[in-house]
Amino acid sequence: MIGCRLLYFYTMPSVFRAIDRRGSQVSRRISVRERFPLAWSGVRGGVSLAGALAVPDTTADGRPFEYKSLIVFIPAGVIVVTLFGQGMSLPRVIKWAHYDSVDDSAGQRTAEIALTEEGLRYVTDPAQRDTAPPPSLPIGSTPSFRSTCAH
(Lines give C-alpha, C1' and ligand atoms only; values in the text may rest on other atoms or scores of the structure.)
Protein backbone atom coordinates (compact mmCIF):
# COMPACT_ATOMS: atom_id res chain seq x y z
CA MET A 1 0.00 0.00 0.00
CA ILE A 2 2.82 2.40 0.87
CA GLY A 3 4.58 1.59 -2.38
CA CYS A 4 1.40 2.25 -4.39
CA ARG A 5 0.93 5.61 -2.72
CA LEU A 6 4.54 6.63 -3.38
CA LEU A 7 4.25 5.47 -6.99
CA TYR A 8 1.05 7.51 -7.41
CA PHE A 9 2.57 10.66 -5.90
CA TYR A 10 5.60 10.49 -8.18
CA THR A 11 3.95 9.46 -11.46
CA MET A 12 0.70 11.44 -11.54
CA PRO A 13 2.32 14.90 -11.47
CA SER A 14 4.23 13.95 -14.63
CA VAL A 15 0.99 12.87 -16.27
CA PHE A 16 -0.70 16.13 -15.27
CA ARG A 17 2.25 18.13 -16.58
CA ALA A 18 2.06 16.36 -19.92
CA ILE A 19 -1.67 17.03 -20.23
CA ASP A 20 -1.98 20.52 -18.74
CA ARG A 21 0.68 23.02 -19.78
CA ARG A 22 -0.96 26.20 -18.45
CA GLY A 23 1.24 28.72 -16.69
CA SER A 24 -0.76 28.35 -13.48
CA GLN A 25 0.30 24.71 -13.30
CA VAL A 26 3.97 25.66 -13.36
CA SER A 27 3.57 27.76 -10.21
CA ARG A 28 1.95 24.83 -8.36
CA ARG A 29 4.79 22.41 -8.92
CA ILE A 30 6.73 21.17 -5.92
CA SER A 31 10.03 19.38 -5.81
CA VAL A 32 10.50 15.67 -5.26
CA ARG A 33 11.83 16.42 -1.79
CA GLU A 34 8.70 18.45 -0.91
CA ARG A 35 6.39 15.81 -2.37
CA PHE A 36 7.72 12.91 -0.29
CA PRO A 37 6.23 13.94 3.10
CA LEU A 38 2.82 14.32 1.44
CA ALA A 39 3.01 10.77 0.13
CA TRP A 40 4.45 9.44 3.40
CA SER A 41 1.86 10.96 5.72
CA GLY A 42 -1.42 9.99 4.07
CA VAL A 43 -4.36 8.26 5.70
CA ARG A 44 -3.95 4.52 5.44
CA GLY A 45 -6.62 1.87 5.43
CA GLY A 46 -9.57 3.68 6.97
CA VAL A 47 -11.84 3.03 4.00
CA SER A 48 -10.58 -0.55 3.75
CA LEU A 49 -11.40 -1.14 7.41
CA ALA A 50 -14.87 0.36 6.97
CA GLY A 51 -15.45 -1.98 4.03
CA ALA A 52 -14.18 -4.95 6.03
CA LEU A 53 -16.49 -4.11 8.92
CA ALA A 54 -19.41 -3.92 6.49
CA VAL A 55 -18.96 -7.57 5.51
CA PRO A 56 -21.86 -9.50 7.05
CA ASP A 57 -21.26 -12.00 9.85
CA THR A 58 -23.26 -14.69 8.09
CA THR A 59 -23.72 -15.77 4.50
CA ALA A 60 -27.06 -15.69 2.67
CA ASP A 61 -27.91 -19.22 3.84
CA GLY A 62 -27.25 -18.37 7.53
CA ARG A 63 -23.85 -19.99 7.95
CA PRO A 64 -21.12 -17.90 9.64
CA PHE A 65 -18.78 -16.11 7.23
CA GLU A 66 -15.51 -18.03 7.65
CA TYR A 67 -12.92 -15.37 6.92
CA LYS A 68 -14.57 -12.28 8.40
CA SER A 69 -12.03 -12.01 11.24
CA LEU A 70 -9.17 -12.22 8.74
CA ILE A 71 -10.82 -9.63 6.49
CA VAL A 72 -11.02 -7.23 9.46
CA PHE A 73 -7.58 -8.13 10.83
CA ILE A 74 -5.61 -7.30 7.67
CA PRO A 75 -6.72 -3.66 7.24
CA ALA A 76 -6.54 -3.11 11.01
CA GLY A 77 -2.97 -4.43 10.96
CA VAL A 78 -2.08 -2.17 8.03
CA ILE A 79 -3.48 0.82 9.91
CA VAL A 80 -1.50 0.03 13.07
CA VAL A 81 1.77 -0.62 11.22
CA THR A 82 1.52 2.53 9.12
CA LEU A 83 0.45 4.70 12.04
CA PHE A 84 3.38 3.64 14.19
CA GLY A 85 6.00 3.00 11.51
CA GLN A 86 5.37 6.00 9.36
CA GLY A 87 4.17 8.19 12.21
CA MET A 88 7.39 7.70 14.16
CA SER A 89 9.52 8.50 11.11
CA LEU A 90 7.51 11.53 9.97
CA PRO A 91 9.52 14.13 11.97
CA ARG A 92 12.72 12.95 10.26
CA VAL A 93 11.02 13.01 6.85
CA ILE A 94 9.81 16.58 7.44
CA LYS A 95 13.31 17.71 8.43
CA TRP A 96 14.76 16.00 5.37
CA ALA A 97 12.25 17.82 3.14
CA HIS A 98 13.15 21.16 4.79
CA TYR A 99 9.53 21.82 5.77
CA ASP A 100 10.64 22.95 9.22
CA SER A 101 12.15 26.11 7.73
CA VAL A 102 8.74 27.46 6.68
CA ASP A 103 7.59 30.14 9.13
CA ASP A 104 4.14 31.68 8.89
CA SER A 105 3.93 32.86 12.49
CA ALA A 106 3.34 36.51 11.47
CA GLY A 107 0.23 35.63 9.45
CA GLN A 108 -1.02 33.32 12.16
CA ARG A 109 -0.48 35.98 14.82
CA THR A 110 -2.42 38.56 12.75
CA ALA A 111 -5.32 36.13 12.39
CA GLU A 112 -5.29 35.33 16.13
CA ILE A 113 -5.36 39.03 17.06
CA ALA A 114 -8.18 39.79 14.63
CA LEU A 115 -10.24 36.82 15.84
CA THR A 116 -9.68 37.80 19.49
CA GLU A 117 -10.77 41.36 18.78
CA GLU A 118 -13.91 40.16 17.02
CA GLY A 119 -14.70 37.79 19.88
CA LEU A 120 -14.27 40.54 22.49
CA ARG A 121 -16.40 42.91 20.44
CA TYR A 122 -19.09 40.26 20.15
CA VAL A 123 -19.08 39.58 23.91
CA THR A 124 -18.97 43.20 25.09
CA ASP A 125 -21.39 44.83 22.62
CA PRO A 126 -24.98 43.56 23.10
CA ALA A 127 -26.18 45.31 19.94
CA GLN A 128 -23.66 43.42 17.82
CA ARG A 129 -24.71 40.11 19.33
CA ASP A 130 -28.18 40.59 17.90
CA THR A 131 -27.04 41.46 14.38
CA ALA A 132 -23.56 40.00 13.83
CA PRO A 133 -22.72 36.33 13.36
CA PRO A 134 -20.68 34.78 16.16
CA PRO A 135 -16.91 34.95 15.54
CA SER A 136 -16.71 31.20 15.09
CA LEU A 137 -18.45 31.47 11.72
CA PRO A 138 -16.38 32.05 8.54
CA ILE A 139 -13.55 34.32 9.62
CA GLY A 140 -13.38 36.59 6.57
CA SER A 141 -17.07 37.45 6.77
CA THR A 142 -16.65 40.55 8.95
CA PRO A 143 -15.38 43.82 7.48
CA SER A 144 -13.04 44.62 10.39
CA PHE A 145 -11.25 41.27 9.97
CA ARG A 146 -10.70 41.96 6.26
CA SER A 147 -9.31 45.41 7.02
CA THR A 148 -7.00 44.01 9.72
CA CYS A 149 -5.61 41.40 7.34
CA ALA A 150 -5.18 43.94 4.55
CA HIS A 151 -2.59 45.91 6.55
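This is a predicted model: local features need pLDDT of at least 70, side-chain atom pairs count only at pLDDT 80 or more; totals for chains, interfaces and linings use all residues.
## The chain as a whole

Read from the N terminus, the elements run α-α-α-α-α-α-α-α. Of the 151 residues in the chain, 19% are buried. The chain exposes about 11000 Å², and carbon and sulfur atoms supply 66% of that area. Contacts also reach across the sequence: among those between residues at least 6 apart, 55% join residues at least 24 apart.

## The largest pocket

Helix α1 gives the largest share of the lining, 6 residues. The lining includes the aromatic residues Tyr-8, Phe-9 and Phe-16. Arginines take part too, among them Arg-17, Arg-28, Arg-29 and Arg-35. Met-12, Pro-13, Gln-25, Ile-30 and Leu-38 are also lining residues.

Two of these lining residues, Arg-35 and Leu-38, turn up again in the surroundings of Tyr-99. Tyr-99 sits in the loop between α5 and α6. Leaving aside neighbours within four places in sequence, Tyr-99 is in contact with Glu-34, Arg-35, Pro-37, Leu-38 and Ile-94. Tyr-99 is also 9.6 Å from Arg-33, C-alpha to C-alpha, although 66 residues separate the pair in sequence. Tyr-99 counts as partly exposed because its relative accessible area is 29%, which falls between the limits of 20% for buried and 50% for exposed.

## Salt bridges

The model has 4 salt bridges in total.

| Lys-68 | Asp-57 | 3.2 Å |

Lys-68 forms its salt bridge with Asp-57. This pair links distant parts of the chain: Lys-68 is in helix α5 (residues 68–96), while Asp-57 is in the loop between α4 (46–53) and α5, 11 residues away. Asp-57, in contrast, is exposed, since its relative accessible area is 55%, over the 50% limit.

Next along from Lys-68 is Ser-69, also found in helix α5. Ser-69 is exposed, with a relative accessible area of 56%. Between Ser-69 and Asp-57 there are 9.3 Å in space, C-alpha to C-alpha, and 12 residues in sequence.

The other two pairs in the table belong to helix α6. Arg-109 and Glu-112 both lie in this helix (residues 105–124), 3 residues apart, or about one turn. Glu-112 is partly exposed, with a relative accessible area of 37%. Arg-121 and Glu-118 are likewise both in α6, 3 residues apart and about one turn of the helix from each other. Here Arg-121 is partly exposed at 34% relative accessible area, whereas Glu-118 is buried at 9%.

## A nonpolar patch and a buried threonine

On the surface, Phe-65, Tyr-67, Leu-70, Ile-71, Phe-73 and Ile-74 form a nonpolar patch. Together these residues have about 590 Å² of accessible area. One of them, Phe-65, lies in the loop between α4 and α5. Phe-65 counts as partly exposed, at 30% relative accessibility.

Further along, Thr-82 is found in helix α5. Which residues does Thr-82 touch, not counting residues up to four places away in sequence? The contacts are Ile-2, Arg-44 and Gly-87. Thr-82 counts as buried because its relative accessibility is 8%, under the limit of 20%.

Methods
Residues are numbered from 1 along each chain as its sequence is written. Side-chain values use heavy atoms; hydrogens and water are left out. A salt bridge is a side-chain nitrogen of Lys or Arg within 4 Å of a carboxyl oxygen of Asp or Glu. Helices (H or I, at least four residues) and strands (E, at least two) are DSSP runs, numbered from the N terminus. Buried means under 20% relative accessible area, exposed over 50%, partly exposed in between (1.4 Å probe, protein chains only). Patches are made of residues with over 30% relative accessible area and no salt bridge: like charges are joined within 9 Å, nonpolar side chains (Val, Leu, Ile, Met, Phe, Trp, Tyr) within 5 Å. Accessible areas come from the Shrake-Rupley method with a 1.4 Å probe; for residues, only the protein chains shown count as cover. Contact means heavy atoms within 4.5 Å. On a 1 Å grid over the protein atoms alone, a cavity is a set of points where a 1.4 Å probe fits but cannot get out, and a pocket is an open set with protein on both sides within 12 Å along at least five of seven lines; lining residues have an atom within 4 Å of a point.
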